[in-house]
Amino acid sequence: MLSIKIILLGISPFWKWWSVYMVSLVVIYLVGVIIEENKKTTTKSKKINFKKGYSLNVAKARFVNLVIEWCQKNMEFPAHHKYYPTVEIKYYKSKKKSGDYSSRSRVIRIFVNNRQTIEELVDTCIHEYAHYLQMPKEINQLEYTKYNKTKGYYNNPYEVDARKKAAFYTPKCVKDLRKLGYIS
């Protein structure tokens, strides 16, 4: 410690501050490199565990998009639609819903942190994709809203059909995605 003070006493103030500045830059650079390397290794090897023993081998957002791509290939062709829906991933928890579909903006929103199992997440994605198939035009959305008011959410024919499709397709989708290595 004493030798460092003696060396610093013989150096002009400019060079003292310049060397402190350069050492600080090197330290900041090294910290940044370590953080970046840590991010790369944790995102590549990170598995997301769910109940029932399954775990995701990809990020939740990527998995949701894989489920929607599966729907596009394996469910009925979207008649009366010019475009496939946009998928929005939401990480905050919604108290009222696990996902929704807007026919006006053609957006499927999935609240990924509301689900407890992989099957529930897949079921939600397929359920919302079923709504996309059911509601090609805004008039269908108005009809959906009318049924919600007159029959209630659970008896709404759109919801009944979406639940049936989700229950039918979910096991097939999970099986296919396990074969492809996205679920283990």
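Lys164 lies in helix α6, and at 58% relative accessibility Lys164 counts as exposed, where exposed means over 50% relative accessible area, buried under 20% and partly exposed in between (1.4 Å probe, protein chains only). This is a predicted model, in which local features need pLDDT of at least 70 and side-chain atom pairs count only at pLDDT 80 or more, while totals for chains, interfaces and linings use all residues. Residues are numbered from 1 along each chain as its sequence is written, and side-chain values use heavy atoms, with hydrogens and water left out.

**Overall architecture**

- The protein chain contains 6 helices and 5 strands, taken as DSSP runs numbered from the N terminus (helices H or I, at least four residues; strands E, at least two).
- Read along the sequence, these elements follow the pattern α-α-β-β-α-β-β-β-α-α-α.
- Of the 184 residues in the protein chain, 35% are buried.
- Among contacts (heavy atoms within 4.5 Å) between residues at least 6 apart in sequence, 55% join residues at least 24 apart.

- In soluble globular proteins, nonpolar side chains tend to be buried together.
- The largest nonpolar core here has 35 residues, and those with the most contacts inside it are Phe63, Val67, Met75, Val122, Ile126, Tyr129 and Ile183; helices α3 (60–74), α4, α5 and α6 and strand β5 each supply at least two residues of this core.
- Such a core is a set of buried Ala, Val, Leu, Ile, Met, Phe, Trp, Tyr and Cys residues joined through side-chain atoms within 4.5 Å.
- Ile126, setting aside its neighbours within four places in sequence, is in contact with Val67, Trp70, Cys71, Met75, Lys165, Ala166, Tyr169, Thr170 and Cys173.

**Largest pocket**

- About 600 Å³ of space lies in the largest pocket, a volume being the space filled by probe spheres set on grid points that are joined across faces, edges and corners.
- A pocket is an open set of points on a 1 Å grid over the protein atoms alone where a 1.4 Å probe fits, with protein on both sides within 12 Å along at least five of seven lines, and its lining residues have an atom within 4 Å of a point.
- The lining comprises 25 residues, of which Lys97, Gly99, Glu128, Tyr153 and Glu159 lie nearest the centre of the pocket.
- At least two lining residues come from each of β4 (99–102), β5 (107–111), α4 (118–134), α5 (138–151) and α6 (157–179), and α4 gives the most, with 6 residues.
- By residue class, the lining divides into 7 nonpolar, 7 polar and 11 charged residues, with Ala, Val, Leu, Ile, Met, Phe, Trp, Tyr, Cys and Pro counted as nonpolar, Asp, Glu, Lys and Arg as charged, and the others, Gly among them, as polar.

- His131, placed in helix α4, counts as buried because its relative accessibility is 3%; not counting residues up to four places away in sequence, His131 touches Tyr101, Tyr144, Tyr158, Glu159 and Ala162.
- The side chain of His131 also makes a polar contact with the side chain of Gln134 (2.8 Å), a polar contact being a pair of N or O atoms within 3.5 Å, of which, within protein, one must be able to donate a hydrogen and the other to accept it, and residues adjacent in sequence count only if both atoms are side-chain atoms.
- Asn140, found in helix α5, is buried with a relative accessible area of 16%, and its contacts beyond neighbours within four places in sequence are with Gln134, Met135 and Tyr158.
- Ile110, in strand β5, is buried at 0% relative accessibility, and among the residues that Ile110 touches beyond four places in sequence are Val64, Lys90, Leu121, Cys125 and Glu128.
- Ile110 and Glu88 are 22 residues apart in sequence and 6.4 Å apart in space, C-alpha to C-alpha.

- Lys164 and Ala130 are 34 residues apart in sequence, and their C-alpha atoms are 9.5 Å apart in space.
- Phe168, likewise placed in helix α6, counts as partly exposed at 47% relative accessibility, and its C-alpha atom is separated by 9.7 Å from that of Ile126, 42 residues away along the chain.
- Arg106 lies in the loop between β4 and β5, is partly exposed at 33% relative accessibility, and has a phi near 55°, a positive value in a residue other than glycine.
- Most residues other than glycine have a negative phi.
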